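Welcome! Here is a short briefing to read alongside the sequence and the 3D view.

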Amino acid sequence: MNKSKVSRLLICFLAILAGAGFIWSICDLFSLRFSRGNVHAEYSTIRTDPIGCKALLESYGGHPNITAQRLLRPTDEIDKTEDAVLFVIGLKSPDDLACNKDYLDFAAKGGRLIVIFSPGYYGTEKKKMKKSSDGKKKNPKKKEIPVKAKKKFKRKPKIFTAKKSELRLDLFNFSRQSVKRKFTPSETYRKVQGLKELPAYTTNYFKVRGKEWSVLYRYREFPVIIERDYGRGTILLCTPIYFVSNEALRKRPNTNLLCYLIGNRHNVYFEEKHHGLFEQLNIFWLGKKFRLGLLVLNLLLLAVLFVWKSLFSITGSGCSPPETRETVNIELNHTAGLVNLLKRGIARADLLKTCMGEWLKTVKYRHIPDKKLDEIRELAEVSDKAADQVIIYNRIHNILSEVKERKK
């Protein structure tokens with residue numbers, strides 16, 4: 001078998017193998033999606049099921065004066081922070097907020113930061129114990145637990161706190177759960193903003209230490225939605241998360257609260273990096289950021305011109321077929337490059353005029369009399385035919401040789 005046939009068979013085999021691998025990877029991806037359910041995290045703006053938040057993004061984006069989009073890049077790249085709102089839905093703990101400088105810097109620059117925590121278990125608040133007559137601490141409400149059952153309660157509940165930061169708040173869990181519990185708005189916000197009650201599908205509440213925070217919603221004495229000024233912007237923290245889900249917006253939307261969250265701002269961003277979604281930084285991202293589209297178009301045009309120039313001559317005449325093309329013997333001397341360039345880029349009829357124009361640029365250094373110079377110009381303009389070029393060139397050469405002999 002010839003080498004060409006072997007190479008063709010090898011290329012066909014590799015193409016079939018690559019196609020089979022691609023089909024297998026697609027089938028495996030779909031089987032993984034159907035076996036494990038939705039691949040995105042809960043309360044992500046990409047999910048369309050009841051525990052997603054895509055309806056919230058589309059609701060804000062449907063307004064003619066508001067632009068809503070997902071944020072897959074660092075928050076410091078947001079333009080006009082004074083007119084921007086950043087949603088962080090599904091954050092795990094206040095420590096994640098306090099340790100993330102990007103969120104706090106966004107609020108300090110004038111942005112409005114809205115953090116909605118995930119409905120996780122955060123532990124119960126420790127209450128002060130009374131002392132008995134013998135001096136030992138005693139909790140009257142605490143029931144006696146058998147010795148065998150005490151082993152189950154060795155583990156202490158987890159409490160997420162942000163004491164080390166300037167936020168000064170903790171996140172706890174209600175000790176007693178009630179099915180019919182509702183979160184009620186504060187009196188000032190209910191009258192001014194028209195806020196309504198929220199269904200309580202979470203058991204978390206805040207414990208703040210300081211007067212910086214104002215309470216929007218509470219359950220009895222426990223605050224669940226709080227807000228404060230931070231730098232030039234504001235921070236709003238929220239434990240109920242159901243009201244931003246797709247199910248809540250379909251069944252019982254709380255429009256007054258959703259409008260209060262963004263206020264008079266026109267740019268709404270939904271941060272998705274804490275859900276594991278991020279935008280890879282490549283050359284296309286850099287071109288989009290620095291607006292290099294015009295530069296790329298110029299480079300493409302330059303590449304097309306280079307290809308065209310290599311295929312066709314400068315004078316516009318196409319390349320002659322290989323059978324009729326004249327072969328040029330390239331001489332290895334100092335004039336070979338100049339001769340080949342003249343043959344390729346200048347027509348024969350224009351050869352004398354081109355040489356005459358270049359020669360006239362240096363004639364002032366040659367000290368040629370005006371009469372002889374006029375004769376040379378008249379000879380150069382006598383005829384444009386290619387057959388007369390050699391004769392005219394010889395006459396000009398004789399005139400120049402006479403001038404050199406007279407100087408000697």
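Is D370 buried or exposed? D370 is exposed, because its relative accessible area is 59%; exposed means over 50%, buried under 20% and partly exposed in between, with a 1.4 Å probe and protein chains only. This is a predicted model, in which local features need pLDDT of at least 70 and side-chain atom pairs count only at pLDDT 80 or more, while totals for chains, interfaces and linings use all residues. Residues are numbered from 1 along each chain as its sequence is written, and side-chain values use heavy atoms, leaving out hydrogens and water.

**Around D370**
- D370 lies in helix α12, which spans residues 370–380 (helices are DSSP runs of H or I with at least four residues, strands are runs of E with at least two, and both are numbered from the N terminus).

**Strand β2 and its partners**
- Strand β2, residues 84–91, is mostly covered, with 8 of its 8 residues buried.
- β2 runs parallel to strand β14 (residues 267–271), joined by 4 bridges; two strands pair if DSSP finds at least two bridges between them.
- A84 sits opposite N267 in β14.
- With strand β3 (residues 112–117), β2 pairs in the parallel sense over 6 bridges.
- F87 has I114 as its bridge partner in β3.

- D76 is found in the loop between β1 (67–71) and β2.
- D76 counts as exposed because its relative accessibility is 54%.
- D76 and D105 are 29 residues apart along the chain, and their C-alpha atoms are separated by 8.0 Å.
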